[in-house]
Amino acid sequence: MKVMIDTNIFISAALFPNGRAAQAFFKALYPPYQPLVCEYVLDELHRKFREKFPEKVV
């Protein structure tokens, strides 16, 4: 089953590693799931982290 991961899931999982979004994210990484991420989501993720969480960017 293909699972599209959006920006909100990435950000929530990063900021709250024990939360529901993180659980869903990690579950989506293993079979029977196939995670999908489009380039736009990655661009948005980088942009949002630079704008809202610059102290978290390494």
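What share of the 58 residues of the protein chain count as buried? The share is 24%, where buried means under 20% relative accessible area, exposed means over 50%, and partly exposed lies in between, with a 1.4 Å probe and protein chains only. The model is predicted, and local features need pLDDT of at least 70, side-chain atom pairs count only at pLDDT 80 or more, and totals for chains, interfaces and linings use all residues. Residues are numbered from 1 along each chain as its sequence is written, and side-chain values use heavy atoms, with hydrogens and water left out.

The protein chain has 3 helices and 2 strands, arranged along the sequence in the pattern β-α-α-β-α. Helices (H or I, at least four residues) and strands (E, at least two) are DSSP runs, numbered from the N terminus. Taken along the principal axes, the C-alpha atoms fill a box of roughly 35 × 25 × 15 Å. The chain exposes about 4600 Å², of which carbon and sulfur atoms supply 59%; accessible areas come from the Shrake-Rupley method with a 1.4 Å probe, and for residues only the protein chains shown count as cover.

Helix H2 covers residues 20–28, and Ala21, Ala22, Phe25 and Ala28 are buried in it. These residues lie on the same side of H2 because they cover an arc of only 130° around the axis, the arc being that of the directions from the helix axis to the C-beta atoms. The buried residues of H2 pack against strand S1 (2–4), helix H1 (7–15) and strand S2 (34–36). The face turned away from the buried side carries the exposed residues Arg20, Gln23 and Lys27. Arg20 counts as exposed because its relative accessibility is 75%. Between Arg20 and Ile9, 11 residues apart in sequence, the C-alpha to C-alpha distance is 9.3 Å.

Phe26 also belongs to helix H2, and with 45% relative accessibility Phe26 counts as partly exposed. Together with Leu29 and Tyr30, Phe26 makes a nonpolar surface patch of about 330 Å². Patches are made of residues with over 30% relative accessible area and no salt bridge; like charges are joined within 9 Å, and nonpolar side chains (Val, Leu, Ile, Met, Phe, Trp, Tyr) within 5 Å.

The largest nonpolar core has 11 residues: Ile5, Phe10, Ile11, Ala13, Ala22, Phe25, Ala28, Val41, Leu45, Phe49 and Phe53. Two or more of its residues come from each of H1, H2 and helix H3 (39–52). Such a core is a set of buried Ala, Val, Leu, Ile, Met, Phe, Trp, Tyr and Cys residues joined through side-chain atoms within 4.5 Å. Leaving aside residues up to four places away in sequence, Val41 touches Met4, Ile5, Asp6, Thr7 and Phe10, where contact means heavy atoms within 4.5 Å. Among contacts between residues at least 6 apart in sequence, 64% join residues at least 24 apart.

Helix H3 also holds Leu42, which is partly exposed with a relative accessible area of 37%. The structure holds 1 salt bridge, meaning a side-chain nitrogen of Lys or Arg within 4 Å of a carboxyl oxygen of Asp or Glu. The side chains of Lys48 and Glu51 form this bridge, at 3.9 Å from N to O. Lys48 and Glu51 are separated by about one helical turn because they are 3 residues apart in helix H3. Lys48 is partly exposed at 24% relative accessibility, and Glu51 is partly exposed with a relative accessible area of 48%.
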